[in-house]
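Trainee: Before we start, could you show me the model, and then take me through how its features are read?

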Amino acid sequence: MTDNRLIRPARADDLKGILAFQRAAIAAINPRTYSAEARDAWARLPAAGMQELVASGRYLVAEIGARLAGGAGWEPLDEPDQAAAVRAVFVHPDLHGRGLGARLVGAVEALIAAAGRRRILVPAALNAVSFYQRLGYVANEMAVAALDGADLRYRRMWKTAA
């Protein structure tokens, strides 16, 4: 059996599809994790700097057939230890639990390591903490992002690049 999933750098013409799978993933988050107001605010705003991530080649998408099914990106951080942050990891909820998120994060981690970055931060949404723990990230402090009038709590998690 062949794998019909393609992970590739996102293009500018992918932005509409990227926003579609991001919004679908946010809408599927358990309402006990984030309030409706927080999820609505999050879905209204694309990830900060998404156009820049795509233009820089630092955002990857997963294509299944002709459909964009997920994505993940990264950005360098101004840290003394050459850190980078994993950004905007989303998988369409129809495909949750099939390893696509782990493949995307692994591909992004490889790009981070190739860029000479030694530590990786992921600002993990509360619904994704256990996912990142399975990938070797260690939970650190809680933080809050203000999104369009709503507070979105998340956990800062770290990993050493391979």
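This is a predicted model: local features need pLDDT of at least 70, side-chain atom pairs count only at pLDDT 80 or more; totals for chains, interfaces and linings use all residues.

Trainee: Where is Lys159 placed, and which backbone oxygen does its side chain reach?

Mentor: Lys159 belongs to strand β7, and its side chain reaches the backbone oxygen of Leu135 at 2.6 Å. Leaving aside residues up to four places away in sequence, the residues that Lys159 touches include Arg118, Arg119, Ile120, Gly136 and Tyr137, as well as Glu109 and Leu135.

Trainee: How should I read a pair of packed helices?

Mentor: Two packed helices are described by the angle between their axes together with the distance between those axes. Here the axes of α1 (residues 15–27) and α2 (residues 36–44) come within 9 Å and cross at roughly 175°; angles over 145 degrees count as roughly antiparallel, and α1 and α2 are therefore roughly antiparallel to each other.

Trainee: Which residues of α1 and α2 meet?

Mentor: Arg23, Ile26 and Ala27 of α1 meet Arg39, Trp42, Ala43 and Arg44 of α2, and the residues of this contact comprise four nonpolar, no polar and three charged.

Trainee: What volume does the largest pocket have, and which residues lie nearest its centre?

Mentor: The largest pocket has a volume of about 1,100 Å³ and is lined by 44 residues, with Trp42, Val89, Phe90, Ala125 and Tyr132 nearest its centre. Strand β4 gives the most to this lining, with seven residues, while the lining as a whole divides into 32 nonpolar, six polar and six charged residues.

Conventions: Residues are numbered from 1 along each chain as its sequence is written. Side-chain values use heavy atoms; hydrogens and water are left out. Axes are lines fitted to C-alpha atoms, for helices over the stretch in contact, and angles run from 0 to 180 degrees between N-to-C directions. Helices (H or I, at least four residues) and strands (E, at least two) are DSSP runs, numbered from the N terminus. Angles under 35 degrees count as roughly parallel, over 145 as roughly antiparallel, 65 to 115 as roughly perpendicular and the rest as oblique. Contact means heavy atoms within 4.5 Å. Ala, Val, Leu, Ile, Met, Phe, Trp, Tyr, Cys and Pro count as nonpolar, Asp, Glu, Lys and Arg as charged, and the others, Gly among them, as polar. On a 1 Å grid over the protein atoms alone, a cavity is a set of points where a 1.4 Å probe fits but cannot get out, and a pocket is an open set with protein on both sides within 12 Å along at least five of seven lines; lining residues have an atom within 4 Å of a point. Grid points are joined across faces, edges and corners, and a volume is the space filled by probe spheres set on the points. A polar contact is a pair of N or O atoms within 3.5 Å; within protein, one must be able to donate a hydrogen and the other to accept it, and residues adjacent in sequence count only if both atoms are side-chain atoms.
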